Amino acid sequence: MNLHTTPHNSRAPRTTRRLAALAATAAMVVAGVQAGTAVATPDDDSRTTSAKPATAAALGVNPSAQRATAIKSAQAEASSAAKALKLGGQEKLIARDVIKDAQGTVHTRYERTYDGLPVLGGDLVTHTTAAGKIKSVDKATDAKIAVASTTPKLKAAASARKVIYAGGENPVLAWETVKKGVQEDGTPSRVHTITDATTGKKLHSYEAIETGTGNSQYSGEVEITTTKSDAGFELTDGERGGHKTYDLNQGSSGTGDLVTDDDDTWGDGTGGDRQTAAVDAHYGAAKTWDFYKTALGRDGIAGDGKAAYSRVHYGENYVNAFWDDSCFCMTYGDGEGNKAALTSIDVAAHEMTHGLTSATANLDYAGESGGLNEATSDILGASVEFFADNASDAGDYLIGEKIDINGDGTPLRYMDKPSKDGNSADFWDENLGNLDVHYSSGVANHFFYLLAEGSGKKTINGVEYDSATSDGSTLTGIGREKAYQIWYKALSVYMTSTTDYAGARVATEKAATDLFGADSEELKAVSATWTGVNVK
C-alpha cells in the first residue's frame with residue numbers, strides 16, 4: 001500500500017565505602033524510574049516461580065535524553081571516584097555509561113587510563129546508592145595498575161598504539177597493532193594484537209569483526225517503517241533512531257546506495273528481487289529495537305536513541321553476516337548463489353546484539369569472554385525471534401534453522417544440546433577457552449535454555465527439545481522473560497570485558513538477586529542451572 005506520512009508503516013513481503021562525591025552523579029540519573037513499563041506476558045505453562053517477570057524499569061531505564069547528562073556528571077566526579085576507590089595517582093577514570101535501576105542503585109561503567117595511556121582490561125563498574133555510598137565494585141582485573149616505565153624498549157610500527165595491557169597476571173606496557181584483511185569466507189578482518197613493549201612477546205590477539213549466521217528472507221508479509229522522499233520512498237526508519245538500510249551492490253566497502261522505491265511496496269519475497277533482503281534486514285532491525293525498548297527498557301543499541309544502519313548484498317556468494325564497531329553497522333551476505341540473503345529476524349538481532357555487548361560489558365572477543373559475547377547474541381537473537389511472534393518464522397531455540405548452511409536442513413546451533421552441531425560444548429571444562437568463540441558459546445546457550453525451559457523432553461512451537469544436565473539433575477525453567485532479563489541485567493551492569501564463565505555465574509546471581517530477591521526461586525534456579533552446566 002502507499003502511505004504518505006513520515007514515517008511510513010509499509011507492507012512488504014518477507015569494595016564498600018561512602019562516596020559522597022558520587023551523590024551528585026546519582027542525582028543526575030533518571031529521577032523518576034518508569035515503573036509502569038512492562039515486559040511481554042510469558043507463555044502459559046507449568047512453571048512455578050516466586051514472582052512475575054520484572055518490569056523493564058527494574059533492569060535500569062535510562063532515556064537517551066538523560067543518559068548524556070548522567071555520563072557528563074559522572075565524568076565531572078571521576079577523579080573523586082578514583083580516589084575513593086584508592087586508584088593510583090597516575091590512573092584516571094573515563095565514564096562510559098550510567099544506569100539507575102528500580103532499587104535506586106546507580107551503576108557507573110568506567111574505562112581506565114594510566115599516565116594517559118588506555119588500560120586494556122582495566123574497566124570497572126561501581127554500584128552506588130543514590131546518597132553516594134558505594135555498595136560494590138566489579139573490576140575486569142584486581143591487579144594494581146602500575147608499570148616501571150611508560151617508555152617502551154622496543155619500537156613498533158607507526159600505526160601502533162601504546163597501551164597498558166591488564167589482561168594478564170600483571171599489567172605491562174604494550175603495543176597494540178591492528179592488521180586489516182579478509183577472512184577465508186570473505187568476511188572483513190581486523191585483528192588486534194597486543195605485544196609486550198619490553199620483551200616483544202605476544203600477549204593477546206582477537207578479531208574485532210564479530211560474525212554470526214542466520215536464515216534467509218522468510219518472514220512473510222511484514223510491516224516496515226519507511227520515509228517519504230522527493231523521489232518516492234526510502235528505507236529510513238524515523239520511529240527508531242533513523243535506521244537506514246543500504247544496498248552494497250555486491251561491494252565490500254562504504255555504504256552503497258540507500259534503498260528506495262517508487263510506490264512503497266517493497267520486494268517480492270524471493271532472492272531474485274534485490275529489495276527482499278533489504279526488507280528483511282530493515283524489519284529485523286526494527287523488531288530488535290522494539291524488543292530492546294519494550295522488554296529491556298533500552299533506547300537503542302548504545303542506549304542513546306541513535307540507530308545503527310544495515311548493509312545488504314555484501315560481496316559475491318557471501319554466506320555470513322557481521323557486526324562492525326567501526327561503522328556501527330550490520331552487514332549481510334546473499335548466501336550461496338546470491339539468492340538466500342542472511343537477513344532474518346534472529347540474525348539481525350544477533351548482529352545488533354554484538355553492538356549492545358560492545359556498548360555495555362564489551363566482552364573481549366576471545367577465550368571464555370568471547371564465548372559469552374557470542375552467546376549473548378544467540379540468547380537475545382532467540383529472544384527477539386519469540387518477541388516478534390512472526391507466524392512465518394516462529395520463535396525457537398535453534399540458531400540458523402532455515403539457512404540450511406549444512407545442506408541437510410539442520411540448524412547451525414542448538415541451544416538445548418549445543419554438541420549436536422558436532423563442535424559446540426554442552427558443559428564447561430578447563431579447555432573451553434581454547435575453542436572458537438562460536439563453540440565455547442554453547443555452555444552459555446545451554447544455560448539459557450535450561451534456565452528458561454528446564455531439562456528433559458518438551459515441544460515448543462512445534463520443535464522438539466531434549467536437554468540434559470552435567471550432573472543428571474532435573475531443572476524446572478523460570479520462563480524465557482525472566483531468563484533474558486537476568487542475562488541482560490548481568491551484561492549491562494555487572495559483567496566486564498574480561499568476564500569468564502565463573503564470573504558470568506556471579507554476575508547473573510547478582511542480577512537475579514536485584515530483580516527477584518535474595519531468597520527467590522529465580523536466584524536458586526540460576527545457581528542450580530550453572531551447576532547443571534558444570535560452572536561451579
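Predicted model: local features only at pLDDT ≥ 70, side-chain atom pairs only at ≥ 80, totals over all residues.
Strand E16 covers residues 243-247, and four of its five residues are buried, so the strand is largely enclosed by the rest of the structure. A residue counts as buried when its relative accessible area is under 20%.

Strand E16 pairs with strand E15, with strand E17 and with strand E19. The pairings are taken in turn below.

## The antiparallel partners

Strand E15, residues 236-237, runs antiparallel to E16 and is joined to it by two bridges. Threonine 236 has lysine 244 of E16 as its bridge partner. E15 and E16 make a hairpin, with five residues between the two strands. In the turn of this hairpin, glycine 241 has a positive phi of about 75 degrees.

Strand E17, residues 257-258, also pairs with E16 in the antiparallel sense, over two bridges. Here aspartate 247 stands opposite aspartate 257 of E17.

## The parallel partner

Strand E19, residues 309-314, runs parallel to E16, and four bridges join them.

Rolling a probe the size of a water molecule over the atoms shows where empty space is left. In this model, the second largest cavity has a volume of about 40 Å³.

Which residues line the second largest cavity? The lining consists of Asp237, Arg240, His243, His282, Ala285, Ala286, Trp289, Ala307, Ala308 and Met352. Asp237 is in this list and strand E15 spans residues 236-237, while His243 is also in the list and strand E16 spans residues 243-247. Helix H5, residues 274-296, gives the largest share of the lining, four residues. Sorted by class, the lining has six nonpolar residues, two polar ones and two charged ones.

## The disulfide

A disulfide is a covalent bond between the sulfur atoms of two cysteines. How many disulfides does the structure hold? The structure holds one. This disulfide is formed by cysteine 327 and cysteine 329, whose sulfur atoms are 1.9 Å apart.

The link of cysteine 327 and cysteine 329 is left-handed, with -65 degrees about the S-S bond. Is cysteine 329 buried or exposed? Cysteine 329 has a relative accessible area of 0%, so this residue is buried.

Terms used: Residues numbered from 1 in each chain as written. Heavy atoms only, no water. 1 Å grid on protein atoms, 1.4 Å probe; cavity = no way out; pocket = protein on both sides within 12 Å on 5 of 7 lines; lining within 4 Å. Points joined across faces, edges and corners; volume = space filled by probe spheres on them. Nonpolar A, V, L, I, M, F, W, Y, C, P; charged D, E, K, R; others polar. Buried < 20%, exposed > 50% of the residue type's maximum accessible area, 1.4 Å probe, protein only. Pairing = 2+ DSSP bridges. Disulfide = S-S within 2.5 Å.
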